[in-house]
Amino acid sequence: MRLLVVEDDDVLLDGLKVGLELAGFTVDTVTTVADARSALEHARFDAVVLDVMLPDGTGLDLLQHVRGRRDRVPVLLLTAKDATTDKISGLDAGADDYLGKPFDLDEVAARLRAIIRRGEGRSEGVLQSQGVTLDPARMEARKDDCVIPLSRREFAIINALMQNPGMIFSKSVLEEKLYGWQEDVESNTIEVHVHKLRAKLGSNFIETVRGVGYRVGRAG
Amino acid sequence: MSIRARLFTVLLLMTGVVWLSACIWIYTSTRDRLERVLDARLLESAKMVGSLVADRTISVGLGRGNMAAERGPVDPGETSPSYERQLACQIWSVSGRLLSRSESAPAASLSDHSSGFQNTTIDGASWRVYALVKPETGVRVLVGDSVKVRKRLVDDVIKGLLYPAGFIMPLMAGLIWLSVAKGLEPLQRLAKGLAARNPTQLHPFTGDGTPSELRPMIRALNSLLARVHSSREREREFTTYAAHELKTPLAGLKTQAQVAMRSTDPEIQRQALKRIEQSVDRTSRMARQLIDLASVDAADRGEQSGQVDVAALLLDVVHELEHLSRSRDVEIVCAAKPAVTSADASLLRLAIRNVVENAVQYAPCGSVVECSAEAVDGMVNVVVSNEGPGIAPEEQEKVVERFYRSPRSSVGGSGLGLSIVRMSVDRLGGKFGFSRPGARFEVWLRV
């Protein structure tokens, strides 16, 4: 799950990036409204973490701009103002959820998973397909009641595939979900991770659609 | 003493004084007029008796006079409640024999003067006597008025005035007391309105129905209320803002602490702890600046003025910031000539400290910050410059506002430094500005 975090305080921004990466997200960061606009126009994100007070404008302005473009990306607002009226104006401007500073890192991750899930029309947190259960909150998979340990990258790939069963993900789309801008992508990493996942979850669990990409079957 | 009691006393005293003056005036004028009227009566009576004797209409004889004397004179003042027998008449022969006297007259001669008016005392009683000599008949007519009765007449007039006053004065006092209360009612209402307010009710008083005397006070009060209100608003806004500004670094601290706890990677943990330290430094700097801002806000213009050696102050500030400049690998070069000015030392120190601190903070690593102080035309010029990007002209007005941070800045400042400088310089009555001569960016202070 790829996130865009918009926050101008460098310590908090760094904490969110590292902390959310630990929770299995891929995190890109910007510090201004202008940078956030261009990031949202040029890349797809599963969710946006947005600070309200930014040096060149407010997060609410950005939110209105984003919603004005009919972009339905889930947005979690972070703000130091936690008066009820501020919450109302944030939600009315198109935010999906709201957190007052200072917040708990786990709560941010849980709320992000929830708004992403809702955005995809699901309500249950656990994903299931062909006998494999994936718990995004714990970043762990289970098969036949055995816990199967996953690396961060492996989790990101299987999470993306299982969130949209039947949908084919090209290598570049998966790469986008896996790596932030600042990270270098090695040419065959996706193949390496898929190979490892097949060894852990069964060789037929991830299907290769020749010339297009990968998918996880729809049937349970 | 309350206004009511004061007004009451003054009004009562004034009424008393007016009343008393009226009484004295009536007393004296009544007495004078009465004297004249009674004197005229004496004169007329004497003439009347004189002419009767001359016409022989009445005959005066010793025997008849003696009869009267046997009965003795009646004291007109003591016994008679009315003003009867006020007049006493004696008819003497020129040779000095009492020919006749009236009932009320004493046996002794009323007077020994030849003619005209005279005051005499006979047996302790005072008389006003008119003497008339009739040479053709050889008699001397003496007509006297008891002074006691005369006095009583005047006294009765005054008593007639004073007795009602005894009843009227308490009534008057009551009426004055009530009227004063009535008159002070608007003041009472205003006081009640003020007393009933709680500290947050700072809306202005309406001037409806208030007397014109109170309107200037209400206007002054309203203007004070407005000023208090706006200063409270400013404070509230500032407090809210400051709280918000502190929440972001707190969120950063908490997040980094959680990262340090959750990660098993020692490198991530070390980084997180380093970030925590950095954030604590920054937050404590912000707390210090908030306190500075509050103290500048509380300082009064021109107070605690004394002679300040600006050069020494600058060197002291540079010394204080050595730790910061070393950590940022910035060298501070100071060229301070002796410069003394009259100013509030703590305000000036705050201003200079924040300018130098800012210059160090925004200077590129390994660069030099230059400071100088010199006396020019009775003012002291302090110039601090660095090789940093400076402040764009369009931003120069905004940077002095509280909590403003440049969107182009990479340094996590509090947004308070330059607002402290501006407020301090304002309070010091000095000037402060930016310039860019050549490659360096300058901030100058003139106090």
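## Burial and surface of chain B

In this predicted model, 40% of the 447 residues of chain B count as buried. The accessible surface of chain B comes to about 25,100 Å², and carbon and sulfur atoms supply 59% of that area.

Chain B contains 11 helices and 12 strands. Among its contacts with a separation of 6 or more, 66% are between residues 24 or more positions apart.

## Helix packing in chain B

Two packed helices are described by the angle between their axes and the distance between the axes. For helix α8 (residues 310-320) and helix α10 (residues 345-361) of chain B, the angle is about 50 degrees and the axes are 10 Å apart. Angles from 65 to 115 degrees count as roughly perpendicular and those under 35 as roughly parallel; α8(B) and α10(B) are therefore oblique to each other. Their crossing is right-handed.

On the α8(B) side, the contact is made by B:V310, B:L313, B:L314, B:D316, B:V317 and B:E320. The α10(B) side contributes B:A345, B:L348, B:R349, B:I352, B:R353 and B:V356.

## A buried strand in chain A

Strand β3 of chain A spans residues 47-51. Since 5 of its 5 residues are buried, β3(A) is largely enclosed by the rest of the structure. In a regular strand the side chains alternate between the two faces of the sheet. In β3(A), A:A47, A:V49 and A:D51 point one way, while A:V48 and A:L50 point the other way; residues of both sets are buried.

β3(A) pairs with strand β1 (residues 2-6) of chain A, running parallel to it over 4 bridges. In this pairing A:V6 has A:L50 as its bridge partner. Strand β6 (residues 75-79) of chain A also pairs with β3(A) in the parallel sense, again through 4 bridges; here A:V49 is partnered by A:L76.

## An antiparallel sheet in chain A

Chain A also has an open sheet of 4 strands in the order β8-β9-β10-β11, with antiparallel pairing. Its edge strands, β8 (127-129) and β11 (146-148), each pair on one side only. From one strand to the next, the twist averages 25 degrees.

Between β8(A) and strand β9 (residues 132-135) of chain A there are 3 bridges, and the two run antiparallel. One of the bridge pairs is A:S129 with A:V132 of β9(A). Helix α6 (residues 152-163) of chain A lies across β8 and β9 of that chain, running at about 110 degrees to β9(A).

Methods. Residues numbered from 1 in each chain as written. Chains lettered and ligands numbered in written order. Predicted model: local features only at pLDDT ≥ 70, side-chain atom pairs only at ≥ 80, totals over all residues. Heavy atoms only, no water. Buried < 20%, exposed > 50% of the residue type's maximum accessible area, 1.4 Å probe, protein only. Contact = heavy atoms within 4.5 Å. Areas by Shrake-Rupley, 256 points an atom, 1.4 Å probe, with all protein chains shown as cover. Pairing = 2+ DSSP bridges. Axes fitted to C-alpha atoms, helices over the stretch in contact; angles between N-to-C directions. Parallel < 35°, antiparallel > 145°, perpendicular 65-115°, else oblique. Left-handed = near helix turned anticlockwise from the far one by under 90°.
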